[in-house]
Amino acid sequence: MPGASSLITANELSAIPITLRKVAQDAANPSNSLAAIATSLRTLYHECEKRTNRTILTPTFLPLISALLDPARMPPDEPDDTSSPDSVFRQSCECASRAIMLLPLFGETSMRSAAGLLWRTRIWPWVQLMDNYDCFPVQVGGTCGRCSLLKFIAPILAFDTTIPLFFGTPEIGGFIAHVLKSILCCWNKGLITSSPSGGMVPLQVSAVFFRRCIEYPRVLDDLVDGVGGMDKIAVLFVEYAVLVLRELRHAGSQNSVRLDINFVVENLKTALGFLEDLGEAHRTLWGFLADSKYVVIAIRSIKALASRAVASANQNFKVAMVEYLQIITLIIQDMNAKQLAKALNAGLIEACRMCDSLVDIAHESLDIHVPLTVLYTQLCWATLDYPTLCTIAKNLLMAVEVDKKATEGSAGDFPYLVSEAWTTFIGVMVWRLNCLGQYHSIDTRSCYNFECPMINVEKTQLRRRCTGCTIAFYCSQECQKACWMTYGHRKLCQSTSSSANSYNRNLRFKRFLYLQDYLYDKTAMYLLKLDHIYSTGGTDFCVELDYTNGYCVAGVAPLKMYAHLFPSGILERRGKNGAGSLELHVMRRNSKFNTREAFALPLVYRCSSFAALDGLVRIAGELPKGSEIAFLELKDSHPAVFQQVCELAELEMVETYEGDDLYV
């Protein structure tokens with residue numbers, strides 16, 4: 001019989017089977033050394049594990065476990081050498097760990113009691129103590145001590161009713177962060193496998209609770225702080241993505257760490273969902289991931305998932321592809337041209353084609369249409385950048401070649417299909433590449449002084465070049481001085497003088513593309529201008545180049561909508577120059593996080609007189625008032641008027657945009 005100070009009573013001890021009574025008595029005897037108690041608990045665990053009807057022992061052992069986890073038994077002093085087996089602090093933590101290990105043995109009743117009575121007052125204080133000092137003496141299945149402990153507290157947290165209790169625990173986010181680091185370390189060393197004792201449970205449990213962190217902002221903040229900041233979060237997710245990619249590539253081979261591939265993908269879905277939610281809460285995460293190799297790894301993972309999805313009926317492969325694609329669309333918003341080039345060279349377009357072809361767009365849970373459309377829109381917008389357009393063109397040829405092989409039946413079993421989003425993207429690319437060819441073939445220049453008649457002359461006639469920006473050319477010193485003061489070239493020059501020639505080339509190319517998009521159907525553009533003059537009776541309009549869908553949709557808008565974008569001096573000079581007329585253009589696009597922004601693109605166009613604008617005013621005055629006219633169908637309804645509009649459109653001679661170009 002135990003003494004008066006025993007942790008269990010005589011009646012409780014008598015209810016224990018004889019084979020377990022002696023070891024239970026030793027574990028309950030506080031006069032024994034910590035090492036002896038830990039040894040007794042280890043023996044007790046193995047003996048109980050052999051029994052099939054362990055639930056009947058719950059009423060007896062639960063008080064013992066509760067007593068062993070009493071916070072009063074914690075060492076009062078700062079830990080000494082926690083790595084030494086003789087350390088009092090380490091031995092105390094080992095006793096607590098082995099007491100926690102006993103709880104899952106006794107079934108659901110024990111788990112509910114542990115969750116409702118022991119978690120906050122008994123289990124968590126010990127877990128927090130061990131986590132703060134990184135002292136986890138018990139290791140199971142070769143994994144680290146922290147992962148082993150999570151495996152045994154996971155059943156306690158498996159009940160839905162305990163979730164708020166768990167996340168209501170102070171600083172739980174820091175513990176989850178440390179668990180994530182430990183799991184990735186063990187996984188990288190091959191210590192997490194599919195065997196029951198190999199650590200799969202911590203990987204699964206942590207993924208579930210990472211996702212639930214989003215519902216508890218305090219826990220989420222603790223998680224970020226526990227990892228060391230959002231930049232460290234990005235590093236951990238890169239490491240996680242690398243390990244997943246390794247499993248996808250080598251599952252079943254000698255290079256695999258023997259994780260079940262279906263389990264990996266199931267875990268990946270949860271982790272990607274958490275990453276997306278975390279990015280919504282802390283948008284700086286996308287910038288850190290853009291600056292890492294995460295997107296390249298994600299692209300390679302999509303390809304690996306696609307290869308497995310062809311031969312598998314498991315929808316999780318396809319769902320993971322869509323999740324990865326959604327993450328990429330969010331990260332690309334923070335990418336610069338160099339980072340995007342790396343993603344393109346890693347096979348971004350080919351990965352999009354695989355997602356486009358493999359996933360059923362009509363499937364409720366696999367809405368691939370939305371992220372693909374967003375991504376193609378982002379790529380269309382990126383084609384306004386000279387080096388990016390060249391990179392896309394190179395990689396697009398590879399994707400088209402794969403499509404060609406698929407059409408000819410030589411691409412294996414991969415079912416390359418064609419979606420509307422892909423068709424639109426190809427159409428934009430064809431137009432952009434045509435513009436690129438025209439840009440390379442330009443052999444004329446125009447004086448940057450917009451009041452000078454030197455337009456589209458041979459390059460040899462304009463040798464005076466601005467040494468600050470290297471963009472502007474002039475026919476004389478007088479024109480250079482006039483442009484510097486009158487049209488604000490000073491501001492543009494100062495914003496680009498410290499940039500490299502590649503930047504200036506890119507700036508010239510963007511201006512060229514904007515003009516080509518405006519001139520794509522100049523007759524239709526003039527019909528829209530005529531419509532505005534006819535309906536309002538005035539010429540207070542501006543041209544709107546809308547790129548919110550990636551490609552340009554040109555239109556006409558009332559000037560008052562965008563007047564705040566232009567300097568007052570430019571507004572005053574409209575239509576006052578004898579050599580031509582100043583027309584205001586606006587470019588609209590989607591900025592970061594799906595908000596629309598508009599930028600002023602003042603366009604100077606010159607002709608021999610104001611014949612173009614005056615002609616539109618005259619035609620509008622001659623049309624019958626009060627009638628509804630479909631101006632875009634004017635060719636059929638009023639062919640003579642349509643011919644006059646076409647002739648006026650031919651008078652326009654467009655050269656370049658001028659402005660501060662701060663949006664570039």
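Which exposed residues does the face of α17 turned away from its buried side carry? They are Lys 338 and Lys 342. Exposed means over 50% relative accessible area, buried under 20%, and partly exposed in between (1.4 Å probe, protein chains only).

This is a predicted model, in which local features need pLDDT of at least 70, side-chain atom pairs count only at pLDDT 80 or more, and totals for chains, interfaces and linings use all residues. Residues are numbered from 1 along each chain as its sequence is written, and side-chain values use heavy atoms, with hydrogens and water left out.

**Helix α17**

Helices are DSSP runs (H or I, at least four residues), numbered from the N terminus. Helix α17 covers residues 337-345. Its buried residues include Gln 339, Leu 340, Ala 343 and Leu 344. These lie on the same side of α17, because they cover an arc of only 140° around the axis. The arc is that of the directions from the helix axis to the C-beta atoms.

Both ends have local detail. At the start of α17, a side-chain oxygen of Asn 336 comes to within 3.2 Å of the backbone nitrogen of Lys 338. Just after α17, Gly 347 has a positive phi of about 105°.

**Helix α13**

Helix α13 runs over residues 261-281. Its 21 residues should span 30 Å at 1.5 Å a residue, and the end C-alpha atoms are 30 Å apart, which agrees. The expected span is 1.5 Å times one less than the number of residues. α13 is mostly covered, with 15 of its 21 residues buried.

**Salt bridges**

A salt bridge is a side-chain nitrogen of Lys or Arg within 4 Å of a carboxyl oxygen of Asp or Glu. By this rule the count comes to 15. Among them are these:

| Glu 94 | Arg 98 | 3.3 Å |

Arg 42, Glu 94 and Arg 98 are linked in a network of salt bridges. Glu 94 and Arg 98 both lie in α5, four residues apart, about one turn of the helix.

Glu 94 is buried, at 17% relative accessible area. Arg 98 is also buried. Arg 42 is partly exposed, at 31%. Glu 280 counts as partly exposed, at 43% relative accessibility. Arg 283 is partly exposed as well, at 38%.

Notes:
Helices (H or I, at least four residues) and strands (E, at least two) are DSSP runs, numbered from the N terminus. A polar contact is a pair of N or O atoms within 3.5 Å; within protein, one must be able to donate a hydrogen and the other to accept it, and residues adjacent in sequence count only if both atoms are side-chain atoms.
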